[in-house]
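Here are a few notes to read alongside the coordinates.

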Amino acid sequence: MKYDCTLKKLTIWVVLIVFVPFFSDANIIVLNGLTHENQVQPGETYRGAIQIQNASEKNRSVRIYQRDYWFSYTGESKHDPAGSMERSNAGWISFSPELMDLGPNEVASVNFEVSVPEGESFSGTYWSVIMVEGIVPPDTSGYSKGVTINTAIRYAVQIVTNIGETGTNDIQFLGLELGKREETTQLFVALENTGERVLRPELALELFDEAGNSAGIIKAERRKTFPGTSVMVTLRLEGIKPGNYTGVLVADCDDDHVFGTNVSFEIE
C-alpha cells in the first residue's frame, strides 16, 4: 500500500459531474450510454455505434463532431479541439455521418471505427469524445425586437482506448477539507490520476476517536479519472459525533492498486 501524508488545505469544493447533457429539452437522446471503452493492441481496429433517438414529434437535425476532454476537481472542464491533448485518440477515430436528419421518434446510429497505429510505443489509456448536438432551427413565428435565446442538447460520448494491460496506475491525494451541507458533516477529498491508465477509485475512510476506538468506515461511490485529470469525492460523516479523530483514507482502484494516507481532524 502506498501512503502519501502530505496534504494541503483546499478552499474550493465543487463536485464535478462528468458527461451529462449540457442543458436542453430532451428531444435528442443517446440510447446506449455515454462511454464506449475497449482494450486493444497497437495495429488493431475495433468498431462501435452510438444510437441516437429523436424523442420529439417534430423533425430534428443532429450534428456530430469530435473534441478532446479534460476535467479538474475544481469544477473546471475543457472541450479542446480534437487531437490537442497528449493522450487524445481522436486521430485514430473515423465516424459517420457528421450530420443526420431524424423524423419523429426515429432511431439512427453514428458508426465509428478506432484504428490504433502500429509500431508506436503507446502505453496506458487514450481518450476523446464524440459530440452529439441537436440543431435547433431559429423560431421566427413570434419575432419581436430584442434577444431570443435557443438551447440545443449536447452529449459528449467518451471513446476510451486502453492499450492492453500497459501503463502505470497511480493516485495522488491533493487535499481535503471538512464542510457541512444540510446539517451533515462532510469530508471533501481531491484526487488526481497521476498514472497512465484510467482509474475508478473507491474511497473509504476508517475513523478512530481519541481513545483509539473505531468510529466506523465511510465509503463513497467510485469516480472515474483519466490520466492528468482530478475529481472531488465527498464522504458523508453521518452519525459521527463531535470530537478529534484520526483515520486512514484509502483509494481502492482494484486488488493490486490501493493507495492511502493518514488523516486527522476535529469535528465541531
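How does Arg 63 count in terms of accessibility: buried, partly exposed or exposed? The points below start from that residue; please keep in mind that this is a predicted model.

1. **Arg 63 and its partner.** Arg 63 counts as partly exposed, at 36% relative accessibility. Its side chain meets that of Glu 133 in a salt bridge, with 3.4 Å from N to O. Arg 63 belongs to strand β6 (residues 60-67) and Glu 133 to strand β12 (residues 124-135), so this pair ties together parts 70 residues apart in sequence. Glu 133, at 18% relative accessibility, counts as buried.

2. **A pair that spans further along the chain.** A search of the whole structure turns up five salt bridges. One of them joins the side chains of Arg 200 and Glu 37, at 2.4 Å from N to O. Arg 200 sits in the loop between β15 (184-193) and β16 (202-208), while Glu 37 is in strand β4 (residues 35-40), so the contact ties together parts 163 residues apart in sequence. Arg 200 is partly exposed, with a relative accessible area of 31%, and Glu 37 is partly exposed too, with 32%.

3. **Arg 236 and Glu 238.** Here is another salt bridge to look at: the closest N and O atoms of Arg 236 and Glu 238 are 3.2 Å apart. Arg 236 counts as partly exposed at 36% relative accessibility, whereas Glu 238 is exposed, with a relative accessible area of 53%.

4. **An arginine without a salt bridge.** As background, side chains of opposite charge can pair when their charged atoms come close. Arg 223 is buried and yet has no salt bridge. The nearest side chain of opposite charge is Glu 221, 7.6 Å away, and a salt bridge would need a nitrogen-to-oxygen distance within 4 Å. What does lie close at hand is a backbone atom: the oxygen of Met 232 is 2.8 Å from a polar atom of the Arg 223 side chain. Arg 223 itself is in the loop between β17 (214-219) and β18 (230-236).

5. In soluble globular proteins, nonpolar side chains tend to be buried together. In this model the largest nonpolar core has 36 residues, and those touching the most other members are Val 189, Leu 203, Leu 205, Leu 235, Leu 249 and Phe 265. The elements giving two or more residues to this core are β12, β13 (154-163), β14 (171-181), β15, β16, β18, β19 (243-254) and β20 (257-267).

6. **Glu 165 on the loop.** Finally, have a look at Glu 165, in the loop between β13 and β14. At 64% relative accessibility, Glu 165 counts as exposed. Setting aside residues up to four places away in sequence, Glu 165 touches Gln 39 and Arg 197. With Gln 39 there is a side-chain to side-chain polar contact at 3.3 Å. Glu 165 and Val 40 are 125 residues apart in sequence, yet their C-alpha atoms are 9.1 Å apart in space.

How values were computed
Residues numbered from 1 in each chain as written. Predicted model: local features only at pLDDT ≥ 70, side-chain atom pairs only at ≥ 80, totals over all residues. Heavy atoms only, no water. Helix = DSSP H or I, 4+ residues; strand = E, 2+ residues; numbered from the N terminus. Buried < 20%, exposed > 50% of the residue type's maximum accessible area, 1.4 Å probe, protein only. Lys, Arg positive; Asp, Glu negative; His and termini not counted. Polar contact = N/O pair within 3.5 Å; in protein donor to acceptor, adjacent residues only side chain to side chain. Core = buried A, V, L, I, M, F, W, Y, C linked by side-chain atoms within 4.5 Å. Contact = heavy atoms within 4.5 Å.
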